[in-house]
There are 2 protein chains.
Amino acid sequence: MSAALAGTLRLCQYHWRLLHQHTVPTACLSGSGQISEEVKKLLSLKSQLGIEPKPSKAKVKGDSDKAKENKKQSGEDGPKKFVLKTPKGTRDFAPEQMAIREGVFNKIIACFKRHGAVTIDTPVFELKETLTGKYGEDSKLIYDLADQGGELLSLRYDLTVPFARYLAMHKITNIKRYHIAKVYRRDNPAMNRGRFREFYQCDFDIAGQYDPMLPDTECIKIVVEILSSLDIGDFLVKVNHRKLLDGVFAACGVPDHKFRPICSAVDKLDKTPWAEVRKEMVEEKGLDPVAADKIWEYVQLSGGTELLDKLLQDENLTSQKKAVEGMEDIKLLLQYCEAYGITDRVSFTLSLARGLDYYTGVIYEAVFTGAQPALASSSEEEGSVGVGSIAGGGRYDGLVGMFDSKGRKVPCVGISLGIERLFSIMEAKVQESEQKFRTTETQVYVIAAQKGMVEERLKLCRTLWDADIKTEQSYKKNTKMLTEFQYCEQTGIPVAIIIGQSEIEAGIVKLKVMSSREEREVKRCDMLEEIRKVLASEDNVKSKPSISS
Amino acid sequence: MSAALAGTLRLCQYHWRLLHQHTVPTACLSGSGQISEEVKKLLSLKSQLGIEPKPSKAKVKGDSDKAKENKKQSGEDGPKKFVLKTPKGTRDFAPEQMAIREGVFNKIIACFKRHGAVTIDTPVFELKETLTGKYGEDSKLIYDLADQGGELLSLRYDLTVPFARYLAMHKITNIKRYHIAKVYRRDNPAMNRGRFREFYQCDFDIAGQYDPMLPDTECIKIVVEILSSLDIGDFLVKVNHRKLLDGVFAACGVPDHKFRPICSAVDKLDKTPWAEVRKEMVEEKGLDPVAADKIWEYVQLSGGTELLDKLLQDENLTSQKKAVEGMEDIKLLLQYCEAYGITDRVSFTLSLARGLDYYTGVIYEAVFTGAQPALASSSEEEGSVGVGSIAGGGRYDGLVGMFDSKGRKVPCVGISLGIERLFSIMEAKVQESEQKFRTTETQVYVIAAQKGMVEERLKLCRTLWDADIKTEQSYKKNTKMLTEFQYCEQTGIPVAIIIGQSEIEAGIVKLKVMSSREEREVKRCDMLEEIRKVLASEDNVKSKPSISS
């Protein structure tokens, strides 16, 4: 065989290996999903030329067992044996979890509505180019859709970039919106143990040109209201300012081009001791150790207006224009926080850095203080905030302009809640508490005491549904009273209505209050009223899930 | 060049063309996203061997401009110019649409809860193998995720298959659940004009071994309740039975292996005249015209119990065991519908066939009757039901068993609402109506009458938020009263609270009722109570969106 041919075939083999390692590309498959004739020809040619692998083995050979597994997965391999699982990093929500989730969302949405926010929704995927170039190193975590001959698409990575695209696309200059939806990140579990790949984000943002710090402070107010209403323990909202950080770095002698890398290092101070962060700055990022130590003088500081006033006396800092702009913003923010009555919940913290490049002004992060709330036994770390962190955000004035063809800017400020962590905490609370947790809101259970009464039971259910009473019945024609009562107790249904032949004839029903076991006769014409009275007085077993509503 | 080499290179060229037609597969790219060295070598070899295309052209050559566009899209092509659009077949939901959507969901969920259903959620994507082989010819419409080295995934195509996977995976034998979520189908717009590719489905299913027709009838009852509560005009629920259809076909002389194709043909009778359907049966599907005409005798029939009783006298039919089983089920169903008071809304319709293979018993479809409701000007056809159709479903006893490793069956029955169509109809209603449609629920707007009073305004907002009153204010420090009042009118805020220096000093506020323009002074200590009184009496401008709640 000539060198050229061998070389060519090695390349063919390479392509072949590629084809097999990751399944035959869709384009190679015929309409019925079988391997195309051309590819079969190649197999045959390789076989004729005596090139491994032989056709029969070739179908399953690969650099790993992946080809085999992928073939099985794509159903080409004969009778299917199903792997019953959700994809890595995702999970189902069972009814108990959904009830908890609903309770958390209701509280959060009530707060957003209390502040006059509207809501929007965007598609789960965007054009790939919309997301490209927005997430820096994290871009490799984006889920792409397969190229199936149409537009190239990717699953959304957050809700902020879709928001910016939405504003630019619909030419919106002013909006106060919340958006609660799932986002997708291909986190590597070896590196980030327990992270979800599909998880909820809960964003609140105010877009528009306004007077300084008014929208910025309302975001903090909203976070404080939400976290207080969820009753998850003590928390604090750390605030800082991108311009102040840049000013501090300049004042400490950090060269301009090292601002971002040094900022990333400072960002680790919530999890890593100064000694390690200093080492990273000096050894990995090439910072003058004198500068690093000067930075440390600043970033260990936190407080309130008294700290701010002190810094405003620091000539080293005030000689930096950006630092002054940042501090003036913070000063105003703290004043407004005082008017909002949230000063105790806010801490001006110079070590707060936040990872994302697109922040241009104030930045915040809400964290737990005191005891770490217990997480549910099934929980995993929320995907976008660090340990102890519950929410994060800030001002980002340049993002929408990146989307606008004329570069028109729409200033934005907002906050993103780490809702998976909140779910987890609420689940743990429910697990710990002794209270019965309901997954339905059923108020009445209808029981036929004798056989052959199913149609009377259906009619009674209809009467109750028409009166908007939440009612269930068995899907068996004939039932055992004890089993039915047990069902009521297990699911927390407070009232049972029992009918038998004699009750039908007498125009009455038996009303049983499950909590007291009390049974009494009620006339049909009084039934609805009696039921409503009992339900109103039933404190112990609510008609809603017993998550603090 | 030898024939072998030429042949090999032709194959290489084929693979090369494949590579370029649909962008270089991810596996061929190095970490930085550039074309790999090996592929460059192939380019070079082709060039040396004088095989088109030359390397510089090769990067953009392709069977279409797609490669070029894809490169641009993936950001490899220099400075990015953004295309501001959502992916084909998807759209954003603006605040007005979200408010309508919320109203529709609230009514639907209220009905599900009234019947004691729980809810679950599943991931947006499943393992590809989970979805494979479930959708027949429609499988080509499934969105795949790119192979990025992990599991092969696909976006869910409906909520029924994930439900079956959920039941099998968690070993659940009894559940009554609703699931409202988006599903994904790569519909070809040339074939199916105006179909969405991302759209909501709203499923209600009862899984478990029960007595016949009790859960089956409750599904119909629920659909009737929902459609009545949404007030969208006259509708009907057609019911039929897979076994009866099979029995009819057998009685008419259809060979067993033609049941499915003939069933598909019958399914078209709602949109296509009999003459065309008959032609398809006889000419395309090879059915004996005598059999076709016999089928027509049956499938034009519809009615209630009187039709059923007539059919039970038809010896041709009653000689078919399956037909008898089907008719007995329908008889029971109609009895139960009578008990539920929904007989007028149900029509036993022998032409109802339904596309999906997995139905094993009763099948239903809810359709508009009388005038087609107008669709919103921005609407598109809902993705899963035909023209005029609003909901569909039936019994499917074999699906969960396909997932269970031991083939354990869990009988299921359920219904899926065509919710996009319902949104569309509600949007049209809002467009036609003269009523103001609100996108926020704000109750009070706080205005500072003079400059320099921003902090007093913040404090007042805080007081109102603490009292759970939905309150907004401007994000300007100083405002023009007229502009503020205009904002209240546009957004439907019913009450304004105005403060000025003198009011602060006197311990009062001015309360303005926007609808009457009436302004009066109110003491601070009475403010909350006065506001609540006004809100309670404000009938014209509700604090909720004016979609009938």
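Colleague: Is Tyr200(B) buried or exposed?
Modeller: In this predicted model, Tyr200(B) has a relative accessible area of 9% and is therefore buried, the cut-off being under 20%.

Colleague: How many aromatic pairs does the structure hold over all chains?
Modeller: There are 30 aromatic pairs over all chains. One of them joins Phe105(A) and Phe423(A), which are edge-to-face, with 5.6 Å from centre to centre and 75° between the planes.

Colleague: Where in the chain do those two sit?
Modeller: Phe105(A) belongs to helix H5 (residues 95-114) of chain A and Phe423(A) to helix H17 (residues 419-432) of chain A, so the pair links distant parts of the chain, 318 residues apart. Both Phe105(A) and Phe423(A) are buried.

Colleague: And in chain B, why is the pair of Phe105(B) and Tyr200(B) edge-to-face?
Modeller: Their planes stand at 70°, and over 60 counts as edge-to-face; the ring centres are 5.1 Å apart. Phe105(B) lies in helix H5 (residues 95-114) of chain B and Tyr200(B) in strand E5 (residues 198-207) of chain B, so the pair ties together parts 95 residues apart in sequence. Phe105(B) also counts as buried, because its relative accessibility is 11%.

Colleague: Back to chain A: which residues do ring pairs link into a cluster?
Modeller: The cluster consists of Phe93(A), Phe105(A), Tyr200(A) and Phe423(A).

Colleague: A change of topic, to charges over rings. What lies over the face of Tyr157(A)?
Modeller: Arg185(A) does, at 4.1 Å from the ring centre. In chain B, Arg185(B) lies over the face of Tyr157(B), at 4.1 Å from the ring centre.

Technical notes. Residues are numbered from 1 along each chain as its sequence is written. Chains are lettered from A and ligands numbered from 1 in the order in which they are written. This is a predicted model: local features need pLDDT of at least 70, side-chain atom pairs count only at pLDDT 80 or more; totals for chains, interfaces and linings use all residues. Side-chain values use heavy atoms; hydrogens and water are left out. Rings of Phe, Tyr and Trp (its six-membered ring) pair if their centres lie within 6.5 Å; planes under 30 degrees apart count as stacked, over 60 as edge-to-face and the rest as tilted. Helices (H or I, at least four residues) and strands (E, at least two) are DSSP runs, numbered from the N terminus. Buried means under 20% relative accessible area, exposed over 50%, partly exposed in between (1.4 Å probe, protein chains only). A charge sits over a ring if NZ of Lys or CZ of Arg is within 6 Å of the ring centre and within 35 degrees of the ring normal.
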